[in-house]
2 protein chains.
Amino acid sequence: MKLSIRKDALNEAIGHVSRAVSPRPVIPILAGIKIDADSRGITLTASDTDISVQSFIPLEEDGETIVRMESGGSLVLGAKFFSEIVRKLPTDTVELEAPDVHRAIIRSGNAEIELVGLDPEEYPVLPSVADAHTFSINGLKMKQLVQRTVFAVSANESTPILTGVLWQLSGGKLKLTATDRHRLSNAECEVAADPELKLDQMVIAGRTLNELSKLVPDNGTMIEVAATESQVLFRMDRILFYSRLLDGTYPDTSRIITNQYKTEMIMSTKALTDAIERAYLLSREEKTNIVRMATVGSGEIEVSSSSLEIGKVTERIVPDHLAGEELKIAFNSRYMLDALKVIDQEKIHIGFTGAMSPILIRPEQEPDMLHLILPYRTTT
Amino acid sequence: MKLSIRKDALNEAIGHVSRAVSPRPVIPILAGIKIDADSRGITLTASDTDISVQSFIPLEEDGETIVRMESGGSLVLGAKFFSEIVRKLPTDTVELEAPDVHRAIIRSGNAEIELVGLDPEEYPVLPSVADAHTFSINGLKMKQLVQRTVFAVSANESTPILTGVLWQLSGGKLKLTATDRHRLSNAECEVAADPELKLDQMVIAGRTLNELSKLVPDNGTMIEVAATESQVLFRMDRILFYSRLLDGTYPDTSRIITNQYKTEMIMSTKALTDAIERAYLLSREEKTNIVRMATVGSGEIEVSSSSLEIGKVTERIVPDHLAGEELKIAFNSRYMLDALKVIDQEKIHIGFTGAMSPILIRPEQEPDMLHLILPYRTTT
């Protein structure tokens with residue numbers, strides 16, 4: 001292999017694939033980034049076996065030369081030092097030469113870096129997504145769906161399926177659901193799909209979705225999603241992002257969502273968020289995160305939290321609308337704040353179904369998402 | 001106590017004193033911030049016994065009211081929750097009322113926060129600096145002296161005196177020295193002092209100087225330094241910063257500094273820094289940080305680092321000036337980079353006194369600082 005390449009393009013591609021490099025690779029070769037150079041351009045690949053990312057660098061873009069290819073080939077270089085040293089190279093264009101697979105030389109200005117190469121023959125083959133079902137979604141929409149749900153996945157590895165987000169497609173509508181048994185979030189939107197296509201058990205690890213979100217370009221590019229029984233591939237511009245699907249059956253959560261409320265209210269999202277944040281600060285010191293909410297006097301609600309050692313936070317809010325029974329409830333304020341923070345509308349609707357039954361939170365208008373929190377049983 | 005105060009002024013003062021609050025206070029009362037309100041204004045105090053900080057809030061500033069004082073008094077409130085909740089209060093002016101020392105109420109908009117107070121009688125008295133020797137120094141100059149030396153203090157608590165920086169005043173000149181036995185840095189500048197005043201054993205912990213630097217205003221205000229046998233007080237605008245001095249005798253380092261060089265060179269600070277940074281990246285992977293420097297061919301020097309597992313970094317630099325014997329030396333690149341980073345001049349002078357003797361680094365012009373590094377003994 002012998003080529004020269006623009007440092008910024010190489011850096012960007014390394015940045016993409018580095019998300020798939022594990023700090024503790026399961027096999028030594030996966031500590032490396034694979035570089036394949038041919039007449040079309042350069043492909044970088046990295047994988048931790050759960051996720052694999054490929055980034056493609058074309059020979060030219062918009063008439064500008066990115067890569068000058070003298071001869072192609074394949075090479076695997078240790079990801080950590082390779083990515084660090086490329087970032088620090090002194091010139092805008094760098095030379096890469098590999099006399100054989102065991103040795104690569106990078107030249108940039110007066111600096112010459114020799115790198116020990118790993119054998120590219122040992123690098124695992126990426127999963128096949130032949131015969132996949134495919135649909136397309138706007139990248140920004142996809143990021144939004146993920147951001148509105150992924151915080152609710154379980155952190156507990158004893159139920160692996162709940163550490164993922166369920167993706168369901170039906171009638172051209174994509175719905176994401178996450179739950180850790182104490183709370184549930186879902187969000188949905190229209191996608192470009194065959195209306196006959198139905199997916200109902202595609203579960204992707206929350207961690208994976210967070211990495212994926214960071215790779216989605218901010219320009220609203222369309223992303224092609226290709227799903228098989230065990231794998232999913234996200235194809236965006238020049239990046240391919242592969243992920244394993246989680247094994248197991250996701251619980252049916254449809255029955256716990258209701259709209260039979262005992263008390264319901266509409267209020268300013270910001271006023272409630274700010275009040276709960278103040279109460280949360282105190283409840284966090286107690287390590288319980290318990291905040292209380294109660295109807296008081298003439299159509300007001302009171303948000304409060306207290307601690308024998310520190311003191312008490314109390315705040316009253318006048319909702320725009322308040323209907324139903326008197327209310328006295330306690331909940332995990334961290335869960336409530338997580339939900340409130342992804343609601344970008346000015347007003348929210350909260351429905352209460354009983355002192356020990358779910359609290360349902362959604363934007364007042366166009367409720368394309370729903371958050372559910374189970375209350376705490378408290379003695380006072 | 002009953003008063004109202006501008007939230008930004010309260011926040012700022014809390015920010016100042018919070019630097020002295022330990023996460024693990026030695027006595028419970030030191031988890032608190034002491035608030036003293038009287039007819040002149042409000043004084044906040046915090047201490048971890050090693051350092052103590054006071055910040056004063058006047059009743060008014062530039063004709064604008066900061067504090068409306070109905071009645072004064074003293075109060076101690078838990079620092080962590082108090083500082084967090086004040087930052088989150090909804091209004092620009094907040095009310096603080098304490099019916100007695102055990103209970104304080106903060107009111108801001110619709111929020112009411114009750115805080116459990118600790119007994120101000122239990123709060124330790126700050127150290128006395130009566131009979132102190134004093135001098136004055138421009139705040140920015142002082143920050144610069146600290147920044148140029150403090151990185152060289154020892155991290156090893158087994159020789160406590162070396163975890164501090166030695167401050168020596170003589171003939172109106174202040175000189176700071178830090179060493180961990182493998183390297184040494186010193187820096188000096190003129191200060192406003194009685195030319196007869198001599199201080200030669202004032203050693204301040206490196207950690208303390210880092211905290212102090214963060215409190216020095218960026219407007220070049222003069223700082224009064226008052227030193228006793230065991231304490232030092234830095235007086236700046238409305239902040240008083242007290243620190244205990246380290247016990248013990250600082251070693252005499254004057255004899256190891258020489259200007260009898262076997263090899264010396266003048267070169268671009270940036271060119272050398274960049275080359276060593278690249279070599280450092282490789283040496284760090286080996287956990288040795290060893291980088292080599294050697295004269296080669298016709299007046300060039302070579303910076304290099306190598307590792308059997310990863311590869312080799314080599315870079316040549318042409319110095320502006322190179323004189324003396326041929327050179328082949330190895331050193332800790334982290335130490336060299338620490339020194340190079342605080343040299344803000346374009347050119348540096350490096351003097352070598354032998355393969356196993358100190359390397360001396362200073363700016364080419366006006367050498368008001370000097371850095372010394374001991375080389376490594378290496379087998380190759």
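Visitor: What makes helix 3 of chain A lie across strand 13, strand 14 and strand 15?

Guide: In this predicted model, helix 3 (residues 139-147) of chain A lies across strand 13 (164-170), strand 14 (173-179) and strand 15 of chain A. Contact means heavy atoms within 4.5 Å. The direction of helix 3 makes about 165° with that of strand 15 of chain A, on a scale of angles that runs from 0 to 180 degrees between N-to-C directions.

Visitor: Which strands does helix 4 of chain A touch?

Guide: Helix 4 (residues 206-215) of chain A packs on the sheet and touches strand 13 and strand 16 of chain A. Its direction is at about 80° to that of strand 16 of chain A.

Visitor: How do you know that strand 15 and strand 28 of chain A are paired?

Guide: Two strands pair if at least two bridges are found between them. Strand 15 (residues 183-190) and strand 28 (residues 369-373) of chain A are joined by 5 bridges, so they pair, and they run antiparallel. Within this pairing, A:A187 stands opposite A:M369 of strand 28.

Visitor: Why are strand 16 and strand 24 of chain A called edge strands?

Guide: The open sheet has 9 strands in the order 16-13-14-15-28-27-26-20-24 (chain A), with antiparallel pairing. Strand 16 (199-205) and strand 24 (321-324) of chain A each pair on one side only, and they are the edge strands. From one strand to the next, the twist averages 15°.

Visitor: Why is the meeting of A:R183 and A:D338 called a salt bridge?

Guide: A salt bridge needs a side-chain nitrogen of Lys or Arg within 4 Å of a carboxyl oxygen of Asp or Glu. The side chains of A:R183 and A:D338 meet at 2.8 Å, N to O, so the pair qualifies as a salt bridge. The count between domain 2 and domain 3 of chain A is 3 salt bridges, and 7 residue pairs are in polar contact.

Terms used
Residues are numbered from 1 along each chain as its sequence is written. Chains are lettered from A and ligands numbered from 1 in the order in which they are written. This is a predicted model: local features need pLDDT of at least 70, side-chain atom pairs count only at pLDDT 80 or more; totals for chains, interfaces and linings use all residues. Side-chain values use heavy atoms; hydrogens and water are left out. Helices (H or I, at least four residues) and strands (E, at least two) are DSSP runs, numbered from the N terminus. A polar contact is a pair of N or O atoms within 3.5 Å; within protein, one must be able to donate a hydrogen and the other to accept it, and residues adjacent in sequence count only if both atoms are side-chain atoms.
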